[in-house]
Each structure stands twice: as structure tokens, then as C-alpha cells.
Amino acid sequence: MNELKQIISLRLVDSDRAAVQAIAARLFVRESDIYRFAINYLLNRFSCLFDDTYTGSDLLPAMLEIRAEINHTLGLKRHQLEKIINGNNINPDKYVAMCDIELLLMPQHLLRQRLLKLDENPRNQGDVETWLKDYLTDKYHLLAVEKKTVFDDFIVPRKKAPKLDT
């Protein structure tokens, strides 16, 4: 039996809507199909955010993945993020310190400086995002920080550079 579907209203800037329309045209689907795909992808990828059994450090891999969007798009502040991560946590082993939650909100140049102070084993200092993931993975004994992206399952052929006449 089909579930009842709801109509929603969504505000987008023109450039985002144009991008969605271009993707829909390229895939030969309706614009609404792209919106449904995006929502389903979000819900599947970040199911831990609506599963109450995930608390504290369990949420760090998902938060690391959307680190840039937490501040820029969602505008979360450190106390909001702390409540999201530690709010329902009753296990002290999974508690995430506020100083580590603040790392999720920092721009890269400040993040590098803070990691230099915090991390006793500086590693991979060239890529700050990887350094942050490694630091939090070691500190909170995370089993694995997912590094997959949408394209990991596909092999994208590279175009050969045109030969130059010399």
C-alpha cells in the first residue's frame, strides 16, 4: 500500500535551482525526482542522526562528513552541536569533549593551529581534514570513519590529454 505523500515548499537560490534542473535534464528525469533522490540519499547516508541509539562519539563520522555544511549552511553553534552529539548520551565512554566539538566548526586555517596544539602525534599536516579525522578516530577509538563518496563505486574514465605537436 502506498504511503500518503505530502507536498512541501522549498526555497532555493536561483543558481541551486538551475543546477538541479540541469542535472534533471542530463539524467532525463523530472526536477522533483532529483529532489526526492537528494532527500533519500540524505536520509540513508545519515540515518544515525534519527536513530536514538547513536550518541556521542557514534555521531562523529557523520559530523565529520558534513563538517563544512554544519557551519555554512546549517549555521549550528557549538552549544547546539554539543547538544546534538552529547544530549542523549548516557555512556561516559562516548562523551565528546567541547574542545573537539569546536574543531568541527573551525575554518581550516584555525583548525590547523588548534590541531598543532592538541595532537601529540602530528600526522598528515598537509591535509587538515584527514588530520582531523585521524585525530578524532584515534582519540575516540572510532572503528572507521567512512571516507566513501557517491562516486566510490564507479570508475570514472579519465580523458586522455590531446597530443601536442612539437
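Let's start in helix 2, residues 31-45, where Phe 37 and Tyr 41 sit 4 residues apart, about one turn of the helix. Helices here are DSSP runs of H or I with at least four residues, strands are runs of E with at least two, and both are numbered from the N terminus. Before we go on, a word on the source: this is a predicted model, so local features need pLDDT of at least 70, side-chain atom pairs count only at pLDDT 80 or more, and totals for chains, interfaces and linings use all residues. Residues are numbered from 1 along each chain as its sequence is written, and side-chain values use heavy atoms, with hydrogens and water left out.

Back to our two rings. A pair of aromatic rings is described by the distance of the centres and the angle of the planes. Rings of Phe, Tyr and Trp (its six-membered ring) pair if their centres lie within 6.5 Å; planes under 30 degrees apart are stacked, over 60 edge-to-face, and the rest tilted. The count is 1 aromatic pair. Phe 37 and Tyr 41 are stacked, at 6.3 Å centre to centre with 25 degrees between the planes. Are these residues buried or exposed? Phe 37 counts as exposed because its relative accessibility is 52%, while Tyr 41, at 32%, is partly exposed. The cut-offs are under 20% relative accessible area for buried, over 50% for exposed and partly exposed in between, using a 1.4 Å probe and protein chains only.

Now zoom out. The chain has 8 helices and 0 strands. Of its 166 residues, 27% count as buried.

What about the inside? In soluble globular proteins, nonpolar side chains tend to be buried together. A nonpolar core means buried Ala, Val, Leu, Ile, Met, Phe, Trp, Tyr and Cys residues joined through side-chain atoms within 4.5 Å. Which members touch the most others in the largest core? They are Leu 81, Leu 104 and Leu 115, out of 27 residues. Helices 3, 5, 6, 7 and 8 each give two or more residues to this core, and helix 8 gives the largest share, 6 residues. Setting aside residues up to four places away in sequence, Leu 81 touches Met 63, Ile 70, Leu 76, Ile 101, Leu 104 and Leu 105; contact means heavy atoms within 4.5 Å.

Arg 67 is buried, because its relative accessible area is 7%. Beyond its neighbours within four places in sequence, its contacts include Leu 103, Leu 104, Glu 129 and Leu 132.

Next, salt bridges, where a side-chain nitrogen of Lys or Arg is within 4 Å of a carboxyl oxygen of Asp or Glu. The whole structure has 9 of them. In one, Glu 31 meets Arg 17, with the closest N and O atoms 2.5 Å apart. Glu 31 is in helix 2 and Arg 17 in helix 1, so this pair ties together parts 14 residues apart in sequence. Glu 31 is buried at 19%, whereas Arg 17 is partly exposed at 40%.

Another salt bridge joins Asp 58 and Lys 94, with 2.7 Å between the closest N and O atoms. Why does it tie together parts that are 36 residues apart in sequence? Because Asp 58 lies in the loop between helix 2 and helix 3, and Lys 94 in the loop between helix 5 and helix 6.
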